[in-house]
Amino acid sequence: MRVPAIELIALTKCFGNSDEPAVKSVDLSVAQGEVLAIVGGSGSGKTTTLKMINRLIEPTSGSVKVMGEDVTNVDPVGLRRSIGYAFQGVGLFPHMTVGQNVGVTLQLLGWTKESIVERVSELLAMVDLPAPEYRDRLPSELSGGQQQRVGFARALASSPQAILMDEPFGALDPITRDALQQEFRSLQKKLELSVVLVTHDMSEAVLLADRIAVMHKGELAQVASPRVLLTSPINEYVAQLIDTPRRHSDFIESLLHGSVAGGEP
Ligand SMILES: Nc1ncnc2c1ncn2[C@@H]1O[C@H](COP(=O)(O)OP(=O)(O)O)[C@@H](O)[C@H]1O
Ligand SMILES: [Mg+2]
C-alpha cells in the first residue's frame, strides 16, 4: 500500500490559556491523489488544523507526517516546497507583478533567473493566463478570478505533491467560482495532487472532495465519502450540514419534474 500523502495523529492545539483546545486529538489521513475536504462552522478549528500541516502553527501535541515523514524533522522551507498553500483573498504581493508573485517561492529556493522565467510561463499557461499577456501586470489589474488563478499557479510553482487550500473559492462570484472549481478538479486529476480543502460550504465539499471530514468544536465528527455522509450521517450536526446540498438538489430535481409550483416566471 502507498504511504498516505498526509497523516495527522492525535493532533491537538491549545491557544494561550484557553480551556477548550481549538483542535482536539484529530486523526486523519489523506491518500496520494485524494481530495479531502474539511468542513465545519466558523471557529470549528479548520484553519488551525490546516496550518499545523505546513507548520505555520506548531501543534501542542500529536504529530503530522507528510509522505511518511514527521514534519518536525523537515526544515520548514523544504516542507513548504513539498506542500503548496492557497487561501481566500489569495495574498498576492500587490507591488509585485504576476510573474514575480508566481516565482517568489522559486526565488527563495535559489532557482536561476532563466529557469524561473521558464517555469512561470509554464505555470501561467496551466492556469490559462498566457505569460505574454499577464506576466507583467500587477494583481490590481486582474479580476478576482484571475487573481485566484495566480494564487494557484504560485501554490503549484515548485511541483508540490500536496496542496493545502483554505476557502480558496470563498470570495468569488458564483459563475467564476463554478468555472474555477471545475478547472481545479481537472488540474488536480491531471497532476494527481493530494489536496486538503478547507471550506464552510458543504455543497462545495460534496462537489469537489473524494472524502469529507466534518469538524465540530475542534473535533472530528465524521470522515466519509460524500455518498456515505448523505446516506448515513453519524449525528444531528452532520445531518444538518449535509441537508443543505440535499435540499437544493431535491428542489431542482422536483422543479425539473414539475412537482413544484414555484420557480415559474
Ligand atoms: N492565533 C490564535 N490565537 C488564539 N486563538 C486562536 C488563534 N487562531 C485561532 N484561534 C481560535 O481557535 C478556534 C479555531 O479557529 P480556526 O481554526 O481559525 O477556525 P475555522 O477556520 O474553522 O473558522 C477559534 O475559537 C479561534 O478563535
Ligand atoms: Mg478558517
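1. Helices (H or I, at least four residues) and strands (E, at least two) are DSSP runs, numbered from the N terminus. Axes are lines fitted to C-alpha atoms, for helices over the stretch in contact, and angles run from 0 to 180 degrees between N-to-C directions. Contact between two residues means that their C-beta atoms, placed from the backbone, lie within 7 Å.

2. On provenance: this is a predicted model, in which local features need pLDDT of at least 70 and side-chain atom pairs count only at pLDDT 80 or more, while totals for chains, interfaces and linings use all residues. Residues are numbered from 1 along each chain as its sequence is written, and chains are lettered from A and ligands numbered from 1 in the order in which they are written.

3. H1 is mostly covered, with 8 of its 8 residues buried. They are Lys46, Thr47, Thr48, Thr49, Leu50, Lys51, Met52 and Ile53. A residue counts as buried if 20 or more other C-beta atoms lie within 10 Å of its own, as exposed if 12 or fewer do, and as partly exposed in between, with C-beta atoms placed from the backbone. Just after H1, Arg55 takes a positive phi of about 65°.

4. Two strands pair if DSSP finds at least two bridges between them. Strand E1 (residues 6-13) and strand E4 (residues 61-66) are joined in the antiparallel sense over 5 bridges; Ile9 has Ser63 in E4 as its bridge partner.

5. A second open sheet has 6 strands in the order E6-E7-E8-E3-E9-E10, with mixed pairing. Strand E6 (83-87) and strand E10 (219-224) stand at the edges with a single partner strand each, so one side of each has no neighbour in the sheet. On average, neighbouring strands here are turned by 15° against each other, direction ignored. H1 packs on this sheet as well, touching E3, E6, strand E7 (162-166), strand E8 (194-199) and E9, and its direction makes about 155° with that of E8. Helix H6 lies across E6 and E7, at about 165° to E6.

6. Strand E3 has 5 of its 5 residues buried, so it is largely enclosed by the rest of the structure. Both faces are covered: Val35, Ala37 and Val39 are buried on one side, and Leu36 and Ile38 on the other. E3 pairs with E8 in the parallel sense over 5 bridges, where Val39 stands opposite Thr199. E3 also pairs with E9 in the parallel sense, over 4 bridges, and there Ala37 has Ile212 as its bridge partner. E9 (residues 211-216) is in turn joined to E10 by 5 bridges, running antiparallel, with His216 opposite Glu219.

7. The largest nonpolar core has 62 residues, of which Ala37, Ala153, Ile163, Val195, Val196 and Leu197 touch the most other members. The largest share of this core, 5 residues, comes from strand E3 (residues 35-39). A nonpolar core is a set of buried Ala, Val, Leu, Ile, Met, Phe, Trp, Tyr and Cys residues joined through C-beta atoms within 7 Å. Leaving aside neighbours within four places in sequence, Ile163 is in contact with Ile83, Gly84, Tyr85, Ala86, Ala155, Leu193 and Val195.

8. In helix H3 (residues 98-108) the buried residues are Val98, Gly99, Asn101, Val102, Gly103, Thr105 and Leu106. They pack against helix H4 (113-126), helix H5 (131-134) and helix H6 (144-155). H3 is followed by Gly110, with a positive phi near 85°.

9. Val77 is found in helix H2 (residues 76-82). Val77 is exposed, with 10 other C-beta atoms within 10 Å.
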